[in-house]
Amino acid sequence: MSSGGARELAAVALPGREGVWDVRLENGRVASVERSAAPPSGRLVLPAFHEPHTHGDRAFAPIPRVPRDLLDAIEMTEAMRATFSPEEVEERALELFRRAAAHGAVRMRTHVDHSPMDGGKRDRRAVRAAARRMGGELEVEIVAFATRELDPVERRNRDALAAALEDGADVLGAFVALNPDPAASLDALLDLARDTGAPVDVHLDEHCDPDASWLEHLADATRARGLEGRVTAGHCCALAMLPRVRARRVVEKVSDAGITIVVLPALNLYLQGRGNGTPRVRGLTLVHELVADGAPVRFGSDNVRDAFYPYGDADPLEAAWLAGVAAQLDDPSALLAGVCGGRRGVEPGDPAELVVVPADSLQDALARRPGPRQVVRG
Ligand SMILES: [Zn+2]
């Protein structure tokens, strides 16, 4: 399989290509992709996964009961946070990281609550310690996630967020919907991003109320500050509830501002429209329209077995499959890009950062999400 500095993945299936292929890796790159004379090995090679949105500080935290809705889950988490020890936060984050890596993830962005308790210090340090224990297996990016208790409008909260960037956080985040003036909160966060140079990743419009959508404001405010390409927004459920003409305008503005939209299908299906029998509203953002307009669209796992969601395993293939089903997105290339940091295939010159899945095709992999999987670095 390998000789010298080179390595070959023989007789494999590849996304977007018919037939059987030999993939040769050399010097950290895909050196060649050639038709194979061998029979199919039953292995599929994909770009290694990038998990764009998790919550490592509270994954697997035991909960007293299932949540009634999003607000109930937030309140349950606020009450539970004080009972966590740094050791258990670190061990649970490590469990999340190990599972994601076993599924083929090489990068993960995780939000860590930036709470009034200690500015998120305890949990951020615990999650960072867990990330260090992964060695080079998983690159972890930490978002200092300003909860509703820490509105960035207030100077001291912005100072605390800036301090978090000096203490293990890489990205500025917030949940603004419950703040007195969400637009002002977004403006304050983006001002801080401009001043510090840190990227932004907000939980936005995680509800289905068209009269409380802040995505258009985020796009305008991003462009006004020249922050194109540095802002990410998760959820954006309310976009799907806007009147058609306004929705079209917002999608175009999002694309123009280079805002990455992270769709969290499991969480939206589980929490949106919840509370009174079978939900009529399913809560997914306008996935098709954003993809068609060229906006970067990613699919994430979000919460794993905590107060917000009792299932999940940080498997990017599951997020892609759920997006395919829930958004009826039948474009394998868009599904793959959504969990591979924008990569859509395996081509010569690409980084040799790949995952081998025991499957006959991408369709087969999405249908079964099989393992064991092996990450290959050339
Ligand atoms: Zn989240």
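Start with V356: its bridge partner is Q374, in β15. This is a predicted model.

Now widen the selection to residues 353–357. That is strand β14, which pairs with β15 in the antiparallel sense over four bridges.

You now have an open sheet of three strands, in the order β5-β14-β15, with antiparallel pairing. Which strands stand at the edges? Select 44–47 for β5 and 374–377 for β15. Each has a single partner strand, so one side of each is left without a neighbour in the sheet. Look along the sheet: neighbouring strands are turned by 30° against each other on average, direction ignored.

Colour by domain. Domain 1 takes 2–47 + 343–377, and domain 2 takes 50–339. The C-alpha centres of the two domains lie 31 Å apart. The contact draws 14 residues from domain 1 and 14 residues from domain 2.

Stay on the side of domain 1 that touches domain 2. Here β14 and α12 (362–368) each supply at least two residues. Which element gives the most? Select α12: its share is four residues. By residue type, this side of domain 1 divides into seven nonpolar, two polar and five charged.

Move on to residues 49–54, strand β6. Is this strand mostly covered or mostly uncovered? Mostly covered: six of its six residues are buried.

Last, select 105–114. This is strand β7, joined to β6 by four bridges, and the two run parallel.

Definitions and conventions. Residues are numbered from 1 along each chain as its sequence is written. This is a predicted model: local features need pLDDT of at least 70, side-chain atom pairs count only at pLDDT 80 or more; totals for chains, interfaces and linings use all residues. Two strands pair if DSSP finds at least two bridges between them. Axes are lines fitted to C-alpha atoms, for helices over the stretch in contact, and angles run from 0 to 180 degrees between N-to-C directions. A residue is buried if 20 or more other C-beta atoms lie within 10 Å of its own, exposed if 12 or fewer, and partly exposed in between; C-beta atoms are placed from the backbone. Domain bounds come from an automatic or database domain assignment. Two residues are in contact if their C-beta atoms, placed from the backbone, lie within 7 Å. Ala, Val, Leu, Ile, Met, Phe, Trp, Tyr, Cys and Pro count as nonpolar, Asp, Glu, Lys and Arg as charged, and the others, Gly among them, as polar.
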